[in-house]
Amino acid sequence: MGRLLGPDFPSKIALAVSGGGDSMTMLALAHEWSRSFGVALHVVTVDHGLRPESRAEAALVAEECATLGHPHSVLNWQWDGQGNLQDAARRARLRLIGDWRGKIAHVLLAHTQDDQAETLLMRLARGSGVEGLSAMAPTRDMGGWQIVRPLLSERRATLRHHIDVLKVPYVDDPTNEDDSYERVRMRKAISALDLDVTVLSDTADRMARAREALAARAADVARTCVTETEFGELLIDRDRFATVERDTQLRLLAAAVQWITGASYRPRAKALDLLLDRALGGAGGTLQGAELRVTKMCLQILREFSPLQHVLQAAPEARLWDGRWRIIGTGLDGANVRALGPEGWAQMPKETVSKGLSHSVAVTLPALFKDGELVGFAPASYGLPHRIELCPHGGSFVASLLSR
């Protein structure tokens, strides 16, 4: 805890506690640590509503927090039935916690060495490369706050022994024995094959170091051949790009797609390989909401318009439009922000279009509308006075390469 949060400790931290053995042990340990260093704890439980017992488990956490003297909150979520349940639940958990935390900048999660080993095998089974096989990091930047994992070097069995000795209550989630979950199957495989969890975790750590070196190489290349434009595009010099090794090419292309779209996940390997082959062959394509165009001099990577058609929010509003653009101005009440699109482009006097702003880029940029009428488009200095500011997650493109 001291290494991850020090040397100047925050005044308060948050703990995500489900009621299971790992997170309840983390609560007990953090309670003792925080008393020594004068750090306030705020505990949160996300109730996914997937099992009848979940409400009682949240109540167990609340009771223990009351005993220890820490505030506790319950956040509720319901699955809409779309996509992969486990992935949807994980994303929802992080989003809910991120919205709940207020000014708390550090949120502790109780991932263990066993979780590290299971994740390695899961990703190995999917054919992941260095990126996927890398260990979970002790800290992870979430854009304004950090995930902190203080128990990554601890075995699950050690934590259970500790909490049993202390007689701290916890629950055993029955889904931990359900073979329909990939993680459970990997957990049982580790036991059946008598694999050493510590060795697997150490392998993930070595892969993380390899990833760090490869990211540094990609950042060095990016500094010489990638240009960010004021309109949020990336331009990659074709000649320089063609001379670097394929792994770096793939790393740059994957990072470019994520930087443009704000996607949390790296594109799938097969789709990424296919797009790279097309790019090297002089053709373009789309991937994960980004569009790649090939010109004589460069690879142009920009936001694809199609996913933006229904991205709408009121202006002004605190959150970023499309996760990347801040709208700044006064007197904008009543206007909505959405992509300029072909409709907005058709309404704008052509003499107002900024020189060098192509149609393909312009239609993806935020514009102001009232009742379907275009009333403002900052890149062309049109309509209501305002400006737009690019605020990509992770900062500059080079910085994003080093932070992944």
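This is a predicted model: local features need pLDDT of at least 70, side-chain atom pairs count only at pLDDT 80 or more; totals for chains, interfaces and linings use all residues.
Asp322 itself sits in the loop between strand E12 (313–315) and strand E13 (325–328). Its relative accessibility is 14%, and because buried means under 20%, Asp322 counts as buried.

Arg303 leads on to a sheet, as strand E11 spans residues 298–303. The sheet is open and has five strands in the order E7-E8-E11-E10-E9, with antiparallel pairing. At its edges are strand E7 (226–228) and strand E9 (285–287), each pairing on one side only. From one strand to the next, the twist averages 20°. Within the sheet, strand E8 (residues 234–237) and E11 are joined in the antiparallel sense by four bridges; Asp237 has Cys298 of E11 as its bridge partner.

Helices lie across these strands. Helix H9 lies across E7 and E8, at about 70° to E7.

H9 (residues 197–225) also packs with helix H11 (residues 246–261), at an angle of about 80° and with the axes 9 Å apart; H9 is therefore roughly perpendicular to H11. On the H9 side, Arg211, Leu214, Ala215, Arg217, Ala218, Val221 and Ala222 meet Asp247, Thr248, Arg251 and Leu252 of H11. By class, this contact comprises six nonpolar, one polar and four charged residues.

Conventions: Residues are numbered from 1 along each chain as its sequence is written. Side-chain values use heavy atoms; hydrogens and water are left out. Helices (H or I, at least four residues) and strands (E, at least two) are DSSP runs, numbered from the N terminus. Buried means under 20% relative accessible area, exposed over 50%, partly exposed in between (1.4 Å probe, protein chains only). Axes are lines fitted to C-alpha atoms, for helices over the stretch in contact, and angles run from 0 to 180 degrees between N-to-C directions. Angles under 35 degrees count as roughly parallel, over 145 as roughly antiparallel, 65 to 115 as roughly perpendicular and the rest as oblique. Contact means heavy atoms within 4.5 Å. Ala, Val, Leu, Ile, Met, Phe, Trp, Tyr, Cys and Pro count as nonpolar, Asp, Glu, Lys and Arg as charged, and the others, Gly among them, as polar. Two strands pair if DSSP finds at least two bridges between them.
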